[in-house]
Amino acid sequence: MKNRIFFCTSILQVINTKAAIIKLKKMNGIQYNDYILIIHPLLTKKNKEMIYKLANKLSYAGVFDFTSLSVNEYEKLNHNIKKNIFSRNIVNYFRNTFKLYYSLQNKIDTFLKKKIGKIDAVFYRGLYSSNKIGSPLDGFYIKAIKDVKNYYEIEDGAGNYIDFSTWYSDWHQIKHLCKLSIFLFIQTILSFIINLNFSKSYNMYFNTSVNNTLIFRNIRYKNAIVIKNEFFEAINLLKLKKIYNKKIKIIIFGTILNTNFKFNIHDEITIYENLFEQLVKKYNVNLKEIFYRPHPRCDKKSFNIYKKKLKCSIFDLNKSDLAEFEFFNKNLLCVVSIGSTALLYAKQLFNVDSYIIDVKHMKFHPKVSKVSYKTFLKYGIKKIN
């Protein structure tokens, strides 16, 4: 039997990939062994436990946890880059980095071929609406697997519905792209001079598009293959027969804050507190029927602040169910967030009222406050101030 692997960076991707697997079987009738490789270094122990649980219920052939390699060995490739470039260690740095990069890739390729056998196809998360690799980490793993014939790009979230041109119409993103491109070009040239191999040096620092890629989306978008029905088939495979909390009328989905900007957890809480009066009046609910759901990677320290400061109810930090499961709750009236993908799914897949909080006037990440904001409105999500 043929084998496929899926490079996993979030819990929801496990379901999105299963939906693509169901669709592919309908298209070509071929059965595969499908394996999950967990690679994101920021996934918590709880996140990974949930991935293993879902993998078992969705009949994946196996799960391999590569987060230790991502955190430790891969991180060495990016350790003190600027310091080393502008120091006397520049030659050794680029020589050792080049050697380590390809040594790690060979280690991964050898391990997987030994454990799985020949790998015929790869599932990966994409960037924007194209077949561009999502991040340097994803690219490192994708390019480690040799002789793969087919690639399948699965949905990662709301960002997949933003056009590349729209993303870089924002000045902040243009500046970021220019700075990053220049820095990567410098690293490529220095690596080439020291290692005398331009192709491999370029391959280390630049993520390119993946050829022979089929793009899957849960919601209709351009030329992507729509797998909305298969998404629900995958959900149904989990046999959801839970009793939903009738008190949950409104859910506020939390976000992960970027510490590079001046928007902090206390600003976030202030926004929610100011919204409560609007939501109580509009939907005729009380504060205990409004629930805050922390982001899956929320740490305990932040959770304790939310729990102490927020006057509404709050989901348990250790709650392992996917947020999307809550949309089956017939008592749910609406969902609210600064920019969670849950808004898009709630509205487009489950027809639940969804509101995005307008933070354009605050010192939030420009991508979320401007570019993503427009995308959410385009898909029927209403704004709330």
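Colleague: What covers the buried residues of helix H13?

Modeller: The cover includes helix H12 (265–283), strand S10 (290–293) and strand S11 (313–314). Contact here means heavy atoms within 4.5 Å. Helices (H or I, at least four residues) and strands (E, at least two) are DSSP runs, numbered from the N terminus. A caution on the source: this is a predicted model, where local features need pLDDT of at least 70, side-chain atom pairs count only at pLDDT 80 or more, and totals for chains, interfaces and linings use all residues. Residues are numbered from 1 along each chain as its sequence is written, and side-chain values use heavy atoms, with hydrogens and water left out.

Colleague: Which residues of H13 are buried?

Modeller: Buried means under 20% relative accessible area, exposed over 50%, and partly exposed in between (1.4 Å probe, protein chains only). In H13 (residues 300–309), Ser 302, Phe 303 and Tyr 306 are buried. They cover an arc of only 100° around the axis, so they sit on the same side of H13. The arc is taken from the directions from the helix axis to the C-beta atoms.

Colleague: Which residues are exposed on the other side of H13?

Modeller: Lys 300, Lys 301, Lys 307 and Lys 308 are exposed there.

Colleague: Which residue caps the N-terminal end of H13?

Modeller: Asp 299 does. One of its side-chain oxygens lies 3.1 Å from the backbone nitrogen of Lys 301.

Colleague: How do I read the packing of two helices?

Modeller: Two packed helices are described by the angle between their axes and the distance between the axes. Axes are lines fitted to C-alpha atoms, for helices over the stretch in contact, and angles run from 0 to 180 degrees between N-to-C directions. H12 and H13 pack at about 30°, with axes 11 Å apart. Their crossing is right-handed. A crossing is right-handed if the near helix is turned clockwise from the far one by less than a right angle, and left-handed if anticlockwise. From H12, the contact uses Ile 265, His 266, Glu 268, Ile 269 and Glu 273; from H13, Ser 302, Ile 305, Tyr 306 and Lys 309. By type, that is 4 nonpolar, 2 polar and 3 charged residues. Ala, Val, Leu, Ile, Met, Phe, Trp, Tyr, Cys and Pro count as nonpolar, Asp, Glu, Lys and Arg as charged, and the others, Gly among them, as polar.

Colleague: At what angle do H1 and H11 cross?

Modeller: Helix H1 (residues 12–28) and helix H11 (residues 228–237) cross at roughly 115°, and their axes come within 8 Å. This crossing is right-handed. The residues of the contact divide into 8 nonpolar, 1 polar and 5 charged.

Colleague: Is Glu 230 buried or exposed?

Modeller: Glu 230 lies in H11. It counts as buried because its relative accessibility is 4%. Its side chain joins that of Lys 26 in a polar contact of 2.9 Å. A polar contact is a pair of N or O atoms within 3.5 Å; within protein, one must be able to donate a hydrogen and the other to accept it, and residues adjacent in sequence count only if both atoms are side-chain atoms. Not counting residues up to four places away in sequence, Glu 230 touches Ala 19, Ile 22, Lys 23 and Lys 26.

Colleague: Where does Lys 247 lie?

Modeller: In the loop between H11 and strand S9 (250–253). Lys 247 is exposed, with a relative accessible area of 55%.

Colleague: How many helices and strands does the chain have?

Modeller: It has 15 helices and 14 strands. Of the 385 residues, 52% are buried.
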